[in-house]
Amino acid sequence: MSTRTTYREALREALREALREALQRDPRVFLMGEDVGRYGGTYAVSKGLLEAFGPERIRDTPLSELGFVGAGIGAALGGMRPIVEVMTVNFSLLALDPLINTAATLRHMSGGQFSVPLVLRMATGAGRQLAAQHSHSLEGWYAHIPGLKILAPATLEDARGMLWPALQDPDPVLIFEHAQLYNLEGELEEGVVVDIRSARVRRAGSDLTLVAYGGTLGKALAAAEQLAGEGINAEVIDLRVLRPLDDATLLASVCKTRRLLVVDEGWRSGSLAAEIIARVSEQAFFELDAPPARVCSAELPIPYAKHLEEAALPQVPAIVAVARTICR
Amino acid sequence: MSAPLPFPRELALRLLHDMVRIRRLEERAAELYGEGKIRGFLHLYIGEEAVAVGALHALAPDDAVVATYREHGHALIQGVSMQAIMAEMYGKQEGCSRGRGGSMHLFDAATRFFGGNAIVAGGLPLAVGLALAERMQGGSRIAACFFGEGAMAEGAFHEALNLAALWRLPVLFCCENNLYAMGTALEHSESQTDLCAKAASYKVPAQAVDGMDVVAVQQATAAAVQQVRGGGGPFFLEFKTYRFRAHSMFDPELYRDKAEVAKWKERGPIHNYSARLKALGLLDEAGFLALAADVDAEVEAAVAFAEAGSLEPVDDLLRDVHTPEGAS
Amino acid sequence: MIEFKLPSLGSDMDEGTLLEWKVQPGERVTRGQVIAVVDTAKAAVDVECWQEGEVFELLIELGTKIPVGTPMVSLLEPGERPENVQHTAPSPAQPVPQAPDVMKGAPVLAAATRPRISPAARKRAAELGLDAGTLSGSGPHGVVSLEDVEAAAAAAPPVDRYALMRQAIAAAMSRSKREIPHYYLGETIAVGKLMAWLQAHNAELPPEQRLLPAVALLKAVALALREYPQFNGFWQGGTLHPAPGIHLGVAISLRQGGLIAPALHDVDDKPLPRLMSEFSDLVQRARSGSLRSSELSDAGLTVTQLGEQGVDSVFGVIYPPQVALVGFGAIAERPWVEDGQLCVRPVVVASLAADHRASDGHQGARFLAAIRRLLQEPESL
């Protein structure tokens, strides 16, 4: 078995390398968004790319989410492979019309004549006291729309590896990067290839299925460590792909552990957690030994004060407490 | 006016023929709607024929065209067969969008007809993206975008014009000013009713044209197209026109009075142009009747085609939400 | 003959009311001519006729509301005469495709790894003491549902609770006599002071608050147990495990037959009035079948009083795993010797049945003596 080189880096660097590789491999690929060029990217993901690839391929746009997302769709239709960066999910609301009324629908509305090979990247999530308008987690909302594919990389491997298959996909793919993960450091193996179809078991267990994605994966793993000390052996699943959901992996786990706890930074009502619980209930109702549970954000716009923000978001103690009640 | 026409007889007659084709198609569609054969929304182009006919005849056949929900005429002249259009409105799978789109979503990949958009101003950013792709791939095709004056109040218009001008993209913005956005007159929706001034504020060259005169339309568009294709950046044309019928099928037209409609009908594009052709000796009564009979035959053949068409099997409901693996 | 029907003029128009005719019979109609005005929810609309012909008959009355598709006017086609009217056959209806199979694409249940029992069924089965896993399910996918459990319970033979209780008592008493080496002691106790004290205490009280001698006897036993804890506990694993508190089992006979001995908790700690109300409540609940599980398991020693039945004394059978049973007979006036003189006093025979593994006669005698002593000072109870 050949040993691959591994190296240590931050998640943002893994994302940058993914962009670099894509720009090198395919001349149709270009990056477009606010401050991606001269500024180097608001989260420093695209730092250095303008110097390397030039202004035709690294395009700074005006503050026109509706305009440049629509243009990204047009460019994809016109034969390019655009990567459109919307600074955060909070600003993507301005571009909901082209995303939902054109990108998601064009293939179907045209009777299969046109595909939209668009990749859209945006930062998501809360936790840095940025208050109500800068703290949304709306990936679950987007996962509601047929015609879109939704990814949530939570590991260095996925940050490095998901972009290329997303660009190969002929349909619109939205990649949600949790803002708290850009600094995440870890070991990355060179040349690893990942898919954009499956969920992954990040920690095997037998007593409880803990489902998480993006920014909540780390919290779920920390909770699992703590629960192990109490004799509860949790299996942690990283969803990776929010639409289409990998039912098979979820069900195999729940049929084994018979207990489900979903951790989702979206608000509780109508959340992605609700969808997962509905699917598991429909398909594995009789395999469950306890009601399915979820830990989500509290139902309010995210507050500024640190202690209130912490109380509003899913945290490890809450995950552990809920896990205890269903494991008894 | 009996000034000689600036193009050969063949094109001169072609223009009339195409206007009559649109007129008869629309009138027949109105009848069929009353009979219940066509459902949903139906927006008729009657009175505005000179714009689509004159403008599209000034484009190259492989230029991209983006239009609105009042697009039957544009689709027809761009090259979508009347049979495919009629079958689409009937909801048959022989329609250009497999019956999945209906009147508002006519699409045709072969002729680069990109719809058929039901969101006012939704097509503008799309056209900008198509032009961007063309520029980046070093081609010389332009993107022509048709929209009503109502679209100029939408943010998408402003974002699209700014982006097209900033990046000097080959977009031809064609505003069909028929004075009413559904029931709202221009002076009730725009603080600045000089539409060319609005475009010019983005440093986009702009020109107003008599949209009831097919010759004026063709000439103005040809000149603008030359400038755009030559790398001069985007161009804005305002076609002053009028729709003789209501906004859509069920509109009691409470917002305008019948005398105004009657006045515009006196300037009807088909009526005036055929009179001009006759005055120039290019067409006689017999020739006009032959032309009309030819169009009627085409229309009836389209209706027969649609009537005989088939409905897509319901088992195929979920096709074309995503592009199948291995497809384009 | 052409029948012109009310057209649908919009996606949300289903009907219209005829307001006005714009043509009359005999009039020629050209394509696109407005022939009527119809009122709809939005406004009055002109109805255009797309056929040419001569108006033959107006088919609708003014002011009538008609659904879309209703014939409004009949027209003679050009050249047609009323006498030789040709009726055009209606065009065959387009076959409507089958409605989609709703179950296709519906979620599929995971393969069963154990019997499929609904949560409601599981709960009810537990309440009824049934094993739901042995039942066959009538629900979809073979699920055992609540109905199945109820049906199984109904089908089971009715439970004779009395018989069950007798069986339980039989088992317990047999085991007791088999395993426990009983020894018996008895003592006759003068209770004159007690009775006098009770009478005085009760004189001012309404009937429901009056103290019964029974609770005084119980309190005395409880206080005596503080001095002699070896009579309060459980014999398990070859040794005596002292009870954590002084909880006395009170033997209560049930009306329909049978016996139960639920515990009164912490008898040594409670004042008599409180003991009285708790005792009454306990008896009432025992007889109505609503005891708590702690009451059935916590007694460290049981007291049985058969005084009401008139017996002088009772030498009972210990309830395992307890190690003693105290019995009281009737409180009755008997001849008594006091200061060498014969008199009549109320007396009661207190008995002790005790487990010889945990105690011996000497201790037992002193235990009974303590009870006697305590009963001579009723005001300290």
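Which strands of chain B does helix H8 (residues 214-232) lie across?

1. Basis of the note. This is a predicted model, in which local features need pLDDT of at least 70 and side-chain atom pairs count only at pLDDT 80 or more, while totals for chains, interfaces and linings use all residues. Residues are numbered from 1 along each chain as its sequence is written, chains are lettered from A and ligands numbered from 1 in the order in which they are written, and side-chain values use heavy atoms, with hydrogens and water left out.

2. Sheet of chain B. Five strands make an open sheet with parallel pairing, in the order S1-S2-S3-S7-S6. Strands S1 (64-66) and S6 (206-210) of chain B are at the edges with a single partner strand each, so one side of each has no neighbour in the sheet. From one strand to the next the twist averages 20°. Strands here are DSSP runs of E of at least two residues, and helices are runs of H or I of at least four, numbered from the N terminus; two strands pair if DSSP finds at least two bridges between them. S1(B) and S2(B) (residues 143-148) run parallel and are joined by three bridges, and B:Val65 has B:Ala144 in S2(B) as its bridge partner.

3. Helices on that sheet. Helix H8 of chain B lies across S3, S6 and S7 of chain B, at about 170° to S7(B). Helix H2 (residues 49-56) of chain B lies across S1, S2, S3 (171-177) and S7 (235-240) of chain B, and runs at about 170° to S2(B). Contact means heavy atoms within 4.5 Å; axes are lines fitted to C-alpha atoms, for helices over the stretch in contact, and angles run from 0 to 180 degrees between N-to-C directions.

4. Interface of chains B and A. Chain B contributes 37 residues and chain A 41 residues to the contact. About 3,300 Å² is buried between the two chains, 63% of it from carbon and sulfur atoms; buried area is the accessible area (1.4 Å probe) that two parts lose on being put together, summed over both. On the chain B side, B:Met136, B:Glu159 and B:His322 lose the most area to chain A, together 17% of what that side buries. Two salt bridges are counted between chain B and chain A, a salt bridge being a side-chain nitrogen of Lys or Arg within 4 Å of a carboxyl oxygen of Asp or Glu. A:Arg107 forms a salt bridge with B:Asp320, with the closest N and O atoms 3.3 Å apart. Helix H5 (123-136) and helix H6 (155-166) of chain B each supply at least two residues of the side that touches chain A, and H5(B) gives the most, with nine residues.

5. Interface of chains B and C. Here 21 residues of chain B meet 22 residues of chain C, burying about 1,700 Å², 57% of it on carbon and sulfur atoms. Three salt bridges are found across this interface. C:Arg31 and B:Glu31 meet in a salt bridge through their side chains (3.1 Å, N to O). Helix H1 (residues 9-34) of chain B gives the most to the side of chain B that touches chain C, with six residues.

6. Domains of chain C. The domain assignment, whose bounds come from an automatic or database source, gives domain 1 (2-114) and domain 2 (164-380). Their centres, taken over C-alpha atoms, are separated by 96 Å.
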